[in-house]
Amino acid sequence: MRHLVSVLVQDNPGVLQRVAGLIARRGFNIESLAVGRTHQPGLSRISLVVSGDDAVLEQVEKQLNRLIEVIKVTDHAEPHVERELALVKVSVAGIEERLEVKDIAEAFRARIVDVAKRSIIFELTGDSQKVSNFVEALRPYGLLEVMRTGAVGMSRGEQVLRVREKKAV
Amino acid sequence: MNGAAAILKALERQGVEVIFGHPGGTIMPTYDALYDSPIRHVLVRHEQGGVHAATGYARASGRVGVCMATSGPGALNLVTGLQDALMDSTPVVAITGNVPQHLIGTDAFQEADVVGITQPVTKHNYQVRNVNDIPRVIAEAFYIASTGRPGPVLIDFPKDVQLAEFTGSFEVEIDLPGYKPTYRGHPRQIERALEALKKAERPVLMVGGGAQHAAAEIFALAERSGIPVITTLMGLGAFPGTHPQCLGMPGMHGSVAANRAIHHADTILAIGLRFDDRVTGKISRFAPHAHTIIHVDIDPAEIGKLVRTHIPVVGDAKWVAGELAKGAQRMNIGKWWAQLEEWKTKHPFAWKPKPYLQSQEVIQAFWEATQGQAIVTSGVGQHQMFAAQFFKFDRPRSWINSGGLGTMGVGLPFAIGAALARPGELVIDFDGDGSFQMTLQELATLKKLNLNVKIVVLNNGFLGMVRQWQDLFHARRYSEVYLADSNPDFAKLAEAYGIKGLTLTDKAQLQEAVREVLAHPGPVLLEARVYHEEGVFPMIPAGGAAEDMIIENPREAVAGD
Ligand SMILES: Cc1ncc(C[n+]2csc(CCOP(=O)(O)OP(=O)(O)O)c2C)c(N)n1
Ligand SMILES: [Mg+2]
């Protein structure tokens with residue numbers, strides 16, 4: 001089973017290494033990891049795509065929670081938005097291929113961000129499946145480079161990842 | 001005041017009385033400040049000795065143990081001890097120097113990525129980059145090390161930070177939004193646990209190292225309910241070993257009664273333990289008749305990690321055991337007890353007497369002579385298991401060994417730390433000839449401190465535990481386990497350090513030797529030359545289950561009467 005997990009962290013130096021190290025050390029399988037700042041100073045957010053059964057997912061969440069700088073972990077089982085960004089450079093030999101490739105891109109609502117004599121770079125956002133489908137659709141034309149950011153996600157509606165109120169110990 | 005002085009001031013404010021350390025280039029400013037500090041420093045002879053001594057201190061006292069090392073090689077010598085403290089949930093704070101910040105990342109002299117390297121072996125670690133952060137970071141480190149599930153925290157101080165002028169404040173607030181350990185178990189879960197116990201026909205209470213601070217509550221719970229109690233290797237002493245309700249230790253070299261009790265139990269209440277594979281054996285065959293497993297742990301990640309748990313209780317062992325004790329009722333389990341008593345009396349820990357001196361009798365003699373009133377440490381191997389089997393621990397924090405990591409060489413430094421933590425108490429280190437040689441340089445530290453530590457080297461001339469496995473599982477091909485032809489004369493070795501050294505070879509002289517060791521004030525080393533080919537039994541082979549338990553040494557069953 002594939003799970004999208006969001007992790008709110010304090011963005012201290014080394015926090016990404018801690019998260020990545022833990023995942024590797026415990027032998028969890030991750031498909032992707034994306035990280036970026038949030039709107040709140042000092043807080044970053046990591047999105048992980050993990051594969052495994054429920055027990056594995058539970059351990060991933062619990063082990064992540066053990067990290068001091070991890071503030072909150074959620075797996076997006078609830079309705080959520082998932083997006084991934086990809087840049088795909090395809091080789092295009094002749095005019096015919098160029099048109100075909102553009103048709104495919106249009107069907108996927110990909111944007112052209114670079115055009116050269118023998119190549120085009122497309123930019124695509126969507127869920128990871130859509131990105132994969134797009135990449136596969138272009139494969140026959142000759143993929144030169146593919147860069148995917150990994151999926152990022154967010155719950156729909158009011159539910160948010162936030163710093164819990166301080167609890168007495 | 002410079003950063004170094006601020007480090008010591010902050011440590012003082014944490015109540016630190018002793019630091020186990022070894023100086024070197026990048027930590028020199030802090031050693032300079034130490035010169036004027038009321039904090040006592042114990043100069044160990046190897047940084048590994050320092051971190052283990054801090055661990056022994058912490059385990060014996062319940063307070064945070066502190067060790068210190070220089071950058072690069074000094075800090076890296078801490079790694080084994082940090083992992084040891086991590087696996088046995090011990091509060092330790094390690095302080096390391098590092099090269100000045102402008103040299104970090106340049107492969108400078110004695111530079112190592114200590115924060116990177118120690119990340120997986122600590123509960124948390126820090127590198128302080130701003131001198132004014134010192135009080136906050138130290139306060140956080142002690143808080144993290146000593147609360148929740150305790151563990152080691154390392155703080156790395158680049159040399160320029162130690163030298164910079166400190167202009168900050170020591171009044172700091174700890175704000176760790178991602179760290180909120182849960183102490184009070186959920187009342188509903190405690191209620192469910194009590195209900196399950198009420199219905200249990202064959203219950204057992206398993207107690208681990210996480211309950212060493214909860215001995216009074218465990219005792220109350222056990223006495224009130226009449227439940228049989230099993231103490232893991234790390235839990236020995238958290239419930240009295242001589243109590244009639246105690247079934248002893250479970251696992252690979254545990255008692256027949258404890259392992260069979262777990263195997264047949266219908267309800268298991270586990271407090272402060274993590275179902276290590278040395279306890280469970282093959283997990284799919286562990287406790288096959290238990291319809292209810294109640295697992296109490298302060299670390300939520302331990303619950304459900306290995307064993308299916310029906311009633312999870314996240315909370316502090318002391319608090320939860322206290323609540324359970326309040327709600328517990330007398331159990332009506334006479335039939336179960338009759339069965340347990342039978343196993344207990346039929347299969348106590350025992351050994352076949354031989355004409356040679358034997359480890360088991362040496363340990364038993366010390367237990368009898370001290371009436372159990374000692375703190376005991378050990379190395380790792382057969383002697384460790386014999387100590388766990390034949391010294392009965394009636395008090396918490398009286399048995400300090402390396403359970404999770406199984407680190408040879410901890411015996412002596414643990415003993416030094418424990419003796420400093422509990423002055424006035426007798427400390428005995430039952431060590432192996434192999435293990436002892438891994439950290440024996442700390443004899444110098446012991447000599448200097450003149451502590452009441454009795455080292456008993458159970459010299460079997462072998463890496464005995466490995467030899468035992470080769471005997472049982474590798475067709476007696478004794479590959480690289482023979483020590484006897486090149487072991488030192490241990491008594492002479494001790495004498496070379498100015499420590500009284502004794503040698504015992506003759507069984508008949510055992511009582512006399514024990515008397516002599518205990519009568520001598522200050523440190524003594526007794527080398528007991530014991531039978532070479534002893535085996536530790538019972539034994540559940542790795543990956544086996546309770547039913548696979550080998551109760552007696554198969555070699556002796558053939559050769560014996
Ligand atoms: C640092 C370290 N290296 C290797 C081992 C593997 N090991 C476990 S027990 C043992 C033998 C220990 O020999 P000794 O200390 O003489 O104890 P004995 O078993 O003979 O009582 C070894 C090598 C270990 N536990 N720790
Ligand atoms: Mg030996």
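Among contacts in chain A between residues at least 6 apart in sequence, what share join residues at least 24 apart? The share is 74%, where contact means heavy atoms within 4.5 Å. This is a predicted model, in which local features need pLDDT of at least 70, side-chain atom pairs count only at pLDDT 80 or more, and totals for chains, interfaces and linings use all residues. Residues are numbered from 1 along each chain as its sequence is written, chains are lettered from A and ligands numbered from 1 in the order in which they are written, and side-chain values use heavy atoms, with hydrogens and water left out.

**Chain A as a whole**

- Chain A has 4 helices and 9 strands; helices (H or I, at least four residues) and strands (E, at least two) are DSSP runs, numbered from the N terminus.
- The C-alpha trace of chain A spans about 70 × 30 × 30 Å along its principal axes.
- Of the 169 residues in chain A, 42% are buried. Here buried means under 20% relative accessible area, exposed means over 50%, and partly exposed is in between (1.4 Å probe, protein chains only).

**The magnesium site in chain B**

- Three protein donors, B:Asp433 (OD), B:Asn460 (OD1) and B:Phe462 (O), lie 2.0 to 2.1 Å from the magnesium ion (ligand 2). Donors are N, O and S atoms within 2.8 Å of the metal (3.2 Å for Na, K and Ca); water is not among the atoms, so sites may look incomplete.
- The spacing of these donor residues in sequence is D-x26-N-x1-F.
- B:Asp433 belongs to helix H18 (residues 433–436) of chain B, while B:Asn460 sits in the loop between strand E16 (453–459) and helix H20 (464–473) of chain B, so the pair ties together parts that are 27 residues apart in sequence.
- Both B:Asp433 and B:Asn460 are buried.
- In H20(B), the buried residues are B:Gly464, B:Met465, B:Arg467, B:Gln468, B:Gln470 and B:Asp471.
- After H20(B) comes B:Ala475, with a positive phi near 50°.

**Two helix pairs in chain B**

- Two packed helices are described by the angle between their axes and the distance between the axes.
- Helix H9 (residues 187–199) and helix H13 (residues 317–327) of chain B have axes that come within 10 Å and cross at roughly 50°. Axes are lines fitted to C-alpha atoms, for helices over the stretch in contact, and angles run from 0 to 180 degrees between N-to-C directions.
- That angle makes H9(B) oblique to H13(B); angles under 35 degrees count as roughly parallel, over 145 as roughly antiparallel, 65 to 115 as roughly perpendicular and the rest as oblique.
- H9(B) and H13(B) make a right-handed crossing. A crossing is left-handed if the near helix is turned anticlockwise from the far one by less than a right angle, and right-handed if clockwise.
- On the H9(B) side, B:Ile190, B:Ala193 and B:Leu194 meet B:Trp319, B:Val320, B:Glu323, B:Leu324 and B:Gly327 of H13(B).
- Helix H15 (residues 359–370) and helix H22 (residues 510–519) of chain B also have axes that come within 10 Å, crossing at roughly 55°.
- H15(B) is therefore oblique to H22(B), and their crossing is right-handed.
- Residues of H15(B) in this contact include B:Val362, B:Ala365 and B:Phe366, and those of H22(B) include B:Leu510, B:Val514 and B:Leu518.

**Loops of chain B to look at**

- Most residues other than glycine have a negative phi, and most peptide bonds are trans.
- B:Ser89 has a positive phi, near 45°, and lies in the loop between helix H5 (79–87) and strand E4 (92–98) of chain B. Its relative accessibility is 23%, so B:Ser89 counts as partly exposed.
- B:Ala287 also has a positive phi, near 45°, but B:Ala287 is buried, with a relative accessible area of 2%.
- B:Phe537 and B:Pro538 are joined by a cis peptide bond, with omega about 0°. B:Pro538 lies in the loop between strand E18 (524–529) and helix H23 (554–559) of chain B.
- B:Thr26 counts as buried at 8% relative accessibility. The C-alpha atoms of B:Thr26 and B:Gln162 are separated by 9.0 Å, although the two are 136 residues apart along the chain.
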